[in-house]
Amino acid sequence: MTSRSGSVEVKPGGPQCPQVPDEGTRTLDVRVTGSVATVIFNRPDERNGVTTHMVTQMHEELSALSTEDTISVVVLTGAGTTFCPGADLADAAARTASPPSSLPEIAAYQSSTLLHEMPQVTVAAINGGCAGAGLAWAAACDLRIAAADARFTTAFLDVGLPGELGAPWTLSRALGGARARDLCFLPTKFDAAEALRVGFVSRVFPSATFREDAGALTAALGAHDVGTLRTMKQNFLDAERLPLDRYVEVEARRQLDSFVGDARAATLERFALQRDRLSRQNNESNRGQE
């Protein structure tokens, strides 16, 4: 396993004049194990609250990962007991008193676009509180899984903001327009069971074993052929923007490409491996019934 960044050191500010965190500090930690990269909100002492510097760093890290051909899965999770509760209000107050030049560039907010469109399958492993920008980043991922004690809310209106990081777009597609509007215009807290019921998350694991369960799920996902997984991701992206007849044509071409040229041998090998796995499973099942 490799790590591209270290732990975060945040400078405290006084009650009358909070300081802006040093632009050289790391608010994210990136770890790579095989074909799986994990981006960790790494401000546990501040419950992983989002700073403007974190917004910039998120875009930089995701941009770099999106070009890595050997990575097929990108996981977003939080250090400590919280996923990401949204803005660090102390940092936001400091930025309010600072020149506009201290704010992120608009391009940095395209991190949500990267989570949605990068070639890798993106997974939000929500290990605790998830609100505001944290919820928006989670909504942009392909998959969302949660610990049983995770809690959710949009929170934007509560702090006088209209929303950011594409939340209305991603929430509308994940939950439908009416539900997305309800969450944003009438922000209330909801738990992991409700998130599962409405479809915001697809799996909920016990909090005590969440790290292990999430790791097993993402490792299994990353064990699939990198090219196949990335092609499936592209299929979903094309399905969002193409009419059905055009989409089926594109999808069919990709499917048939698996059986010609250099790809043919690899496809046939995977077929043989799957056939052998199913045969072993059937034999073990039959022995268990004897």
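These are legends for a set of close-up views of a predicted model, starting with the whole chain.

**Ground rules.** Because the model is predicted, local features need pLDDT of at least 70 and side-chain atom pairs count only at pLDDT 80 or more, while totals for chains, interfaces and linings use all residues. Numbering runs from 1 along each chain as its sequence is written, and side-chain values use heavy atoms, with hydrogens and water left out.

**View 1. The whole chain, before zooming in.** The chain has 11 helices and 10 strands; these are DSSP runs numbered from the N terminus, helices being H or I with at least four residues and strands being E with at least two. Of the 290 residues in the chain, 41% are buried. Here buried means under 20% relative accessible area, exposed means over 50%, and partly exposed is in between, using a 1.4 Å probe and protein chains only. Among contacts (heavy atoms within 4.5 Å) between residues at least 6 apart in sequence, 71% join residues at least 24 apart.

**View 2. Helix 8 and what covers it.** Helix 8 takes in residues 210–222, which is 13 residues, and spans 18 Å from its first C-alpha to its last, close to the 18 Å expected at 1.5 Å a residue. That expected span is 1.5 Å times one less than the number of residues. Which residues of helix 8 are buried? They are F210, A214, L217, T218, L221 and G222. These sit on the same side of helix 8, because they cover an arc of only 130 degrees around the axis; the arc is that of the directions from the helix axis to the C-beta atoms. The cover over these buried residues includes strand 3 (36–41), strand 4 (73–78), strand 5 (121–126), strand 7 (143–147), strand 10 (203–205) and helix 9.

**View 3. D213, also on helix 8.** D213 belongs to helix 8 and is partly exposed, with a relative accessible area of 24%. Setting aside neighbours within four places in sequence, D213 is in contact with F205 and P206. From D213 to A147 the C-alpha to C-alpha distance is 9.5 Å, although the two are 66 residues apart in sequence.

**View 4. Helix 9 against helix 10.** Two packed helices are described by the angle between their axes and the distance between the axes. The axes of helix 9 (residues 226–241) and helix 10 (residues 244–257) come within 10 Å and cross at roughly 170 degrees. Axes are lines fitted to C-alpha atoms, for helices over the stretch in contact, and angles run from 0 to 180 degrees between N-to-C directions. The pair is therefore roughly antiparallel, a label for angles over 145 degrees. On the helix 9 side, T231, Q234, N235, D238 and A239 meet Y247, V250, E251 and R254 of helix 10. The residues of this contact divide into 3 nonpolar, 3 polar and 3 charged, where Ala, Val, Leu, Ile, Met, Phe, Trp, Tyr, Cys and Pro count as nonpolar, Asp, Glu, Lys and Arg as charged, and the others, Gly among them, as polar.

**View 5. Two sides of helix 6.** In helix 6 (residues 177–185), the buried residues are A180, L183 and C184. Seen down the axis, the buried residues of helix 6 fall within an arc of 95 degrees, so they line one face of the helix. They pack against helix 5 and strand 9 (190–191). Turned away from the buried side is a face with the exposed residues A178, R181 and F185.

View 6. Most residues other than glycine have a negative phi. A155 is not a glycine, yet its phi is positive, about 70 degrees. A155 lies in the loop between strand 8 (151–153) and helix 5 (167–175), and at 17% relative accessibility it counts as buried. Not counting residues up to four places away in sequence, A155 touches A131, G132 and P187. L165, in the loop between strand 8 and helix 5, has a positive phi near 55 degrees and is not a glycine either. Its relative accessible area is 4%, so L165 is buried.

Note on methods:
Parallel < 35°, antiparallel > 145°, perpendicular 65-115°, else oblique.
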